[in-house]
Amino acid sequence: MKNIFGFDLAAGEYCGKELIIRKTDCKITEHQEKTVVRTIKAEKHKRFPLWLSIVQYLCAFTVILVVFTSVMDVDELDFKEMFAAAPWKYIVAAIAAVGWLAIFIAAQVHGRMAEKAPAFRDVFKVIEAEVHDKSYERLKIPADAGVIDVLSLSENTQNFQKPSKRPLYFCVEIRIFKDGKNLYLSDLECVMAIPLEEITGASRLGGTFRLGNWTKNEEYTEEKFKRFGVRRNRAGEYFVKACCAVKIDHCGEPLEFIVPSYDFATLERYTGSV
């Protein structure tokens, strides 16, 4: 089933382009692109020094190597005998273990401090104040529209390949609203209109979904997200339990858009079911 917010790499647009009724003009889009560049620059300040990451991996490799060689000799020597034969090896392993832990803690502290740095906060303040306001004004989005995430997956429709078992989705922040005829979904660049009569239902998708970004103003560690199993790994990927696929029958073609579990309540206000 086609995800309307899947991104068609060949065409450079959403897979649900036939539902788009309004787009922003080029001037706004150029402004968005400039802001994205500024955001990328700010993101670079978050990155932990590469050489320290390499040292951390070397420390981990050293500890694993010492443990492996010790396990290989355990049938012939006990630990005291192995230590007496090569005490330097275990001293190096202990230092490597402490080094790995120290770098791990430093990386966590560095990431949190970078996110709180004025330069980082200012960029996202610009995105919200300038880009969002200008785009949504041009797109005629009502001020009381709801806000949800939808999951997007890049696709090459000209050379289709079956997605991996756990694909990497990206969250797109969407404004959602409706009138008597249509459900409307809008990102920064366009508005999609889905006739209410074409929405055939919604189905919950179990399992854990891997996300490449986090769009919410609140941290993923906030209490409100804990019950949805939101977590993040060291690679900066987020994981959330369960999603909802809203089903659409558009001119005989089955379509859908996917919303993560932490936005179920907002989605239900507009679709009536989750």
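I take contact to mean heavy atoms within 4.5 Å, and I apply this to a predicted model.

**Entry on Glu 256.** I looked up Glu 256 and found this residue in strand E13, which spans residues 253-260. Leaving aside residues up to four places away in sequence, I listed what Glu 256 touches: Met 1, Lys 2, Asn 3, Ile 4, Ala 245, Val 246, Lys 247 and Ile 248. One of these neighbours, Lys 247, forms a salt bridge with Glu 256, with the closest N and O atoms 2.9 Å apart. I note Glu 256 as buried, because its relative accessibility is 9% and the cut-off for buried is under 20%.

**Entry on the other salt bridges.** I find eight salt bridges in the structure. Among them is the pair of Arg 210 and Glu 237, whose closest N and O atoms lie 2.9 Å apart. Since Arg 210 belongs to strand E10 (residues 199-211) and Glu 237 to the loop between strand E11 (231-232) and strand E12 (238-250), this pair ties together parts that are 27 residues apart in sequence. I also count Glu 237 as buried, because its relative accessibility is 18%.

I then turned to Lys 226 and Glu 223, which form a salt bridge with the closest N and O atoms 3.5 Å apart. Both residues lie in helix H6 (residues 223-226), where they are three residues apart, or about one turn of the helix. I recorded Lys 226 as exposed, and Glu 223 likewise.

Notes:
Residues numbered from 1 in each chain as written. Predicted model: local features only at pLDDT ≥ 70, side-chain atom pairs only at ≥ 80, totals over all residues. Heavy atoms only, no water. Helix = DSSP H or I, 4+ residues; strand = E, 2+ residues; numbered from the N terminus. Buried < 20%, exposed > 50% of the residue type's maximum accessible area, 1.4 Å probe, protein only. Salt bridge = Lys/Arg side-chain N within 4 Å of Asp/Glu carboxyl O.
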